[in-house]
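Try each task before reading its solution.

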Amino acid sequence: MANSTIPVKLNPTVDITVEEMKELILYHLRYTQAQATTMATHRDWRKAVSKAVQDLLINRLIATQQAHRNAEAKRVYYLSLEFLMGRLLTNNMYNAGVEDKVNTALAELEIDFEVLREDETDMGLGNGGLGRLAACFLDSMATLDLPAIGYGIRYEFGLFRQEFVNGYQIEHPDDWLRQGNVWELIRPEYAQTIQVYGEVQSVFDDMGRYRPKWINAREVVGVPYDVPIAGYGTNTVNFLRLWESRASEDLDFNVFNQGGYVEAVQEKNMSETISKVLYPNDKTENGKELRLVQQYFFVACSLRDILRRHKRENDGRDAFPEKVAIQLNDTHPAVAILELMRILHDEEEMEWDAAWSIITRSFAYTNHTLLPEALETWSVPLFGKVLPRHLQILFEINKRHLRNVEAKWPGDHQKMRDLSLVQEGHVQHLRMAHLSVVSSFSVNGVAALHTKLLKRNLFADFNELFPGKFNNKTNGITPRRWLLACNPELSALITSKIGEGWARDLDALKELDAHAEDPEFREQFMAIKHRNKEKLAAIIEKDCGVKVDPHAIFDVQIKRLHEYKRQHLNLLHILYLYRRLLQEPDFEMHPRVFIFGAKAAPGYELAKTIIKAINAVGRTINNDKRVNDKLKVVFLPNYRVSLAARIIPASDVSEQISTAGKEASGTGNMKLALNGSLTIGTLDGANVEIRDVVGEENIFIFGKTVDEVEALQAEGYNPGEIYENNEMVRQILEWIGSDFFTPGEHNVLLPIKQSLLDHGDPFLVLADFESYVEAQHKIDAAYRDKERWAKMAIYNTARVGMFSSDRTIRQYNEDIWKLTPVQVKL
């Protein structure tokens, strides 16, 4: 075995050899983990490997930051409340260019890398697509050599760890830090102190100018932890800076000495709560307050860090927009606008117009929702309690904004109400999306249809008030994680046909089109798919206790549980198939396994009822010998990035079935199509663009279009008519509304039936049901034609190159940020 001394030849300017990699791993096993090879656990080995890879990244990180500083580079700062990073070891190995060498070194050390990979805990600092998109974007920014820093919160606990008990979702703390995080670097020297609560004192300076003063505020310290973000095929390593909240004073020693042991650490406990949990339940006032404090905490720390760096490298505040672009990932960081205005106007005593000019040339806003009810608002009393000075600043921004509205539409009071940053009512609310639109120089949607609907419906008046401000940036995914790392066999097959360049230029996959006609390639492609299905079948048996046949169609719906995503439409189709199998002995269908993965927000009762229904129906079907294994239903618990990386390569059918006009974009649709899964979907979000690139013959489109949805709702949609006139629908709804699937639990699933009938079926599940069933019949027929299906799967992989996040980030930079890429030399 190799000597575990410090490797002599390790040098960041020279490619590391397998022997040097082995020595580096052994060094960290001994001197970082303090373990001998004979006593080390899998966790020790995994941490040693991670530290060895991190060493290579840190050399590049230092060189990158020096290069950016020497180039006096303009940077983009990506502010997001979520970063769903998942596991980092495999991706960092690929992006560092040492994947083969690490695997070879471990093989020589007789260590199974797969075991190490499974030991790593997901960095689950996000809820769904928003956070995963942010993670993909960081990967692409580094790959494209863009000077970029991500900012977020180092939550002690992620969203939650999901367990099913009798089919019900049970939430447990996601203690992702329990084994430590080997990738992070603590930076206490860059800690920032911020304020919350307090009051505003009216003060005038010696020139008689009004200078409001924020007093009696509570101080909180933000301590940064940096996670290196490596680009692929380049030396650039940027970083993600995550803030942890701490008290300004850990212990009140006088109170402690007087016997008040609990009271002495009260301030510490209150402050550390801020970064404790991702998305506290905001059904309560305390939950809402904590969420607002979280948002302000991370943007206030981030802005002070941005200003510190700017002042170190540049002269004067006027150059700020020329050196800084701040991208708001949805409205969660929107309070940054008010905070920067407060710093410039109050602390640095800039005149209002000069400060506002900097604001409106520095911020850009990405909108992620078309649902008006999902646009973030804060009650004025709560906002004033937490951020009293910021409330005054928002009112002043609104006053000046409404002057412009009045100038555009004189005397139109309804227009002023519609465009105001303040929503009137019994309790006034602040519209953070309106603040973001008014204050940003760019507002973008995340799919062509989404942006069209933003401009036509949600923000139509703003689009007229600010012509040219709105633009589209269709979302994308990083091919490094979502093909190269998660589907290595398919990646190797692709490389054997078209070379290695595709991982940096995903459009190169178009060259695979011609190979769809090659029988040998089709056989290889589908053989890889089958092996991936075998691996997923083993996970399903382990986690769900259900045996499934890899020869069946693997029909996948993996996404956040929400009514508009319509997991219950999928469930109704499952019941349709089950009913036909029971009542029609001659009914022919190819065996199918329906695979779900989703978490429901803890306070979202109907979503949790849908989870219970899927589990209850699945348990009944899976134990009914009459279906002869033609139908299986499994709900994999605790859906997360690492589980998605197992499901996606094994999927045959991708369920993208949201109500048209409700999904902004979606990125799961892109990941699944890239791995050769055929989409069944509505013309919603990025499905429209997927159809355009893969061809109508290689996708299964169903349901009402946006225009048809709007027309139906305008004329008065009545789901009761469908219930009365469609025998199949009526029988299925009666079935799900009964206690058949939940013996001993009365009316447990009844809320699903009620939502579709008594509550008006707000997401048109019944309106699209027949069209959905028809599309599913087409899938069954297509899958039976193995040659046709293989071609369709290959065409999906070959034609979705435009959905690389590299393309998305390139467009952000060309149209919005205007950064100059910086080549990093070691």
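**Exercise 1.** Find how far helix α32 reaches from its first C-alpha to its last, and where its kink is centred.

*Solution.* This is a predicted model. Start with the extent: helix α32 covers residues 765-784, which is 20 residues. Its span from first to last C-alpha is 28 Å, close to the 28 Å expected at 1.5 Å a residue. Next, look along the helix. A kink of about 30° is centred on serine 771.

**Exercise 2.** Classify the ring pair of phenylalanine 164 and phenylalanine 635.

*Solution.* Two values describe a pair of aromatic rings: the distance of the centres and the angle of the planes. Here the centres are 5.0 Å apart. The planes meet at 80°. Planes over 60 degrees apart count as edge-to-face, so this pair is edge-to-face. Now place the partners. Phenylalanine 164 is in strand β5, and phenylalanine 635 is in strand β22.

**Exercise 3.** Is phenylalanine 635 buried or exposed?

*Solution.* Its relative accessible area is 4%. Buried means under 20%. Phenylalanine 635 is therefore buried.

**Exercise 4.** Give the strand order of the open sheet that contains β15, and name its edge strands.

*Solution.* The order is β15-β17-β16, with antiparallel pairing. β15 and β16 each pair on one side only, as edge strands. Three bridges join β15 to β17. Across this pairing, threonine 377 stands opposite arginine 431 in β17.

**Exercise 5.** Which charged residue sits over the ring of phenylalanine 466?

*Solution.* Lysine 469 does, with its charged end 3.8 Å from the ring centre.

Technical notes. Residues are numbered from 1 along each chain as its sequence is written. This is a predicted model: local features need pLDDT of at least 70, side-chain atom pairs count only at pLDDT 80 or more; totals for chains, interfaces and linings use all residues. Side-chain values use heavy atoms; hydrogens and water are left out. Rings of Phe, Tyr and Trp (its six-membered ring) pair if their centres lie within 6.5 Å; planes under 30 degrees apart count as stacked, over 60 as edge-to-face and the rest as tilted. Helices (H or I, at least four residues) and strands (E, at least two) are DSSP runs, numbered from the N terminus. Buried means under 20% relative accessible area, exposed over 50%, partly exposed in between (1.4 Å probe, protein chains only). A charge sits over a ring if NZ of Lys or CZ of Arg is within 6 Å of the ring centre and within 35 degrees of the ring normal. The expected span of a helix is 1.5 Å times one less than its number of residues. The bend at a residue is the angle between axes fitted to the seven residues ending there and the seven starting there. Two strands pair if DSSP finds at least two bridges between them.
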